[in-house]
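I opened the file to look up charge pairs, a pocket and a surface patch. My notes are below the view.

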Amino acid sequence: MHEPLEEYVGTVAKLRLVRMTQRSGLVKARLAGINEAVGPVVIFLDSHVECEEGWLPPLLEVIALHPDMAVTPGIDVIDHQTFSIGDALGNIGGMDFEGLVFSWMPMLPRLVANRTSEADHDHFSSSYIVVVVVVVVAVVVVVVVVVVVVVVVVVVVVVVKVVVIVVVVVVVVVLVKVVVIEVVVVVVVTVNASSEVVEMYDYISRKKYVFQ
């Protein structure tokens, strides 16, 4: 891609083509590009990378917030047979030595265990996990609080009802006892009064007979 590439680059105003004088490898080619760059941000894209609309602003935002850090995007995988886009988080690129075919594969357990700093972790996936955990914990806390409040309210209502019933029963029992006692007293008083009247009548009658 010599002349066709130069012709295509010539159609883009801000695009420049820098050619190496000899095959020097990926790292030296990128260093040459850095030496030729004049902008405040340098972004490297491999030849097999396909960018979608809106890919650049998120990277520039992170760089603006953390100008002393290097930023790498989450690179999705395009299936070579169906051209469907899949998530490559938690995977690493590897070579199948049988067919010399590049493919994405899960990280080996020993590589995961050797991660020692935040730079070794997938920030997007870890942040996503943190957000999910926080949301789940918040939902669980809200549910527990609601359940506790409902249980407390039900217990309070039941206790109040029991107390009211007990008070009513006690009052009724007391009133019944008072009424029964008063009736007994009235009956006893009546009986006693009748006896005294009879005795008084007998006494008067005897006195009257004696006086005659």
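The entries that follow go from salt bridges to the pocket and then to the patch.

**Entry 1: salt bridges.** I noted at the start that this is a predicted model. I searched the whole structure for salt bridges and got three.

I took the pair of Glu-6 and Arg-19 to begin with; their side chains meet at 3.4 Å, N to O. Glu-6 sits in helix 1 and Arg-19 in the loop between helix 1 and helix 2, so the bridge ties together parts that are 13 residues apart in sequence. I then looked up accessibility. Glu-6 has 43% relative accessibility and counts as partly exposed; Arg-19, at 38%, is partly exposed as well.

Next I checked Glu-36 and Arg-16, whose side chains form a salt bridge at 3.7 Å, N to O. Here Glu-36 belongs to helix 2 and Arg-16 to the loop between helix 1 and helix 2, so this pair ties together parts 20 residues apart in sequence. Is Arg-16 buried or exposed? Arg-16 counts as exposed because its relative accessibility is 52% and the cut-off for exposed is over 50%. Glu-36, with a relative accessible area of 36%, is partly exposed.

The remaining entry in my list is Arg-30 with Asp-46, where the closest N and O atoms are 2.4 Å apart. This pair links distant parts of the chain, with Arg-30 in helix 2 and Asp-46 in the loop between helix 2 and helix 3 (56-65), 16 residues apart. Arg-30 has a relative accessible area of 25% and is partly exposed. Asp-46 is partly exposed too, at 32%.

**Entry 2: the second largest pocket.** I read off a volume of about 1600 Å³ for the second largest pocket. Which of its 33 lining residues are closest to the centre? They are Leu-15, Arg-16, Ile-43, Phe-44 and Leu-45.

I then sorted the lining by element. Helix 1 (3-10) and helix 2 (26-36) are the elements that give two or more residues to the lining. Helix 2 supplies the largest share, seven residues. By type, the lining divides into 21 nonpolar, six polar and six charged residues.

**Entry 3: a nonpolar patch.** I looked up a nonpolar patch on the surface, with members including Val-131, Val-139, Val-151, Val-163 and Leu-175. The patch has about 980 Å² of accessible area together. I picked out Val-139, which is found in helix 5 (residues 123-211). Val-139 counts as partly exposed, at 47% relative accessibility.

Technical notes
Residues numbered from 1 in each chain as written. Predicted model: local features only at pLDDT ≥ 70, side-chain atom pairs only at ≥ 80, totals over all residues. Heavy atoms only, no water. Patch = residues over 30% accessible without salt bridge, like charges linked within 9 Å, V, L, I, M, F, W, Y side chains within 5 Å. Areas by Shrake-Rupley, 256 points an atom, 1.4 Å probe, with all protein chains shown as cover. Salt bridge = Lys/Arg side-chain N within 4 Å of Asp/Glu carboxyl O. Helix = DSSP H or I, 4+ residues; strand = E, 2+ residues; numbered from the N terminus. Buried < 20%, exposed > 50% of the residue type's maximum accessible area, 1.4 Å probe, protein only. 1 Å grid on protein atoms, 1.4 Å probe; cavity = no way out; pocket = protein on both sides within 12 Å on 5 of 7 lines; lining within 4 Å. Points joined across faces, edges and corners; volume = space filled by probe spheres on them. Nonpolar A, V, L, I, M, F, W, Y, C, P; charged D, E, K, R; others polar.
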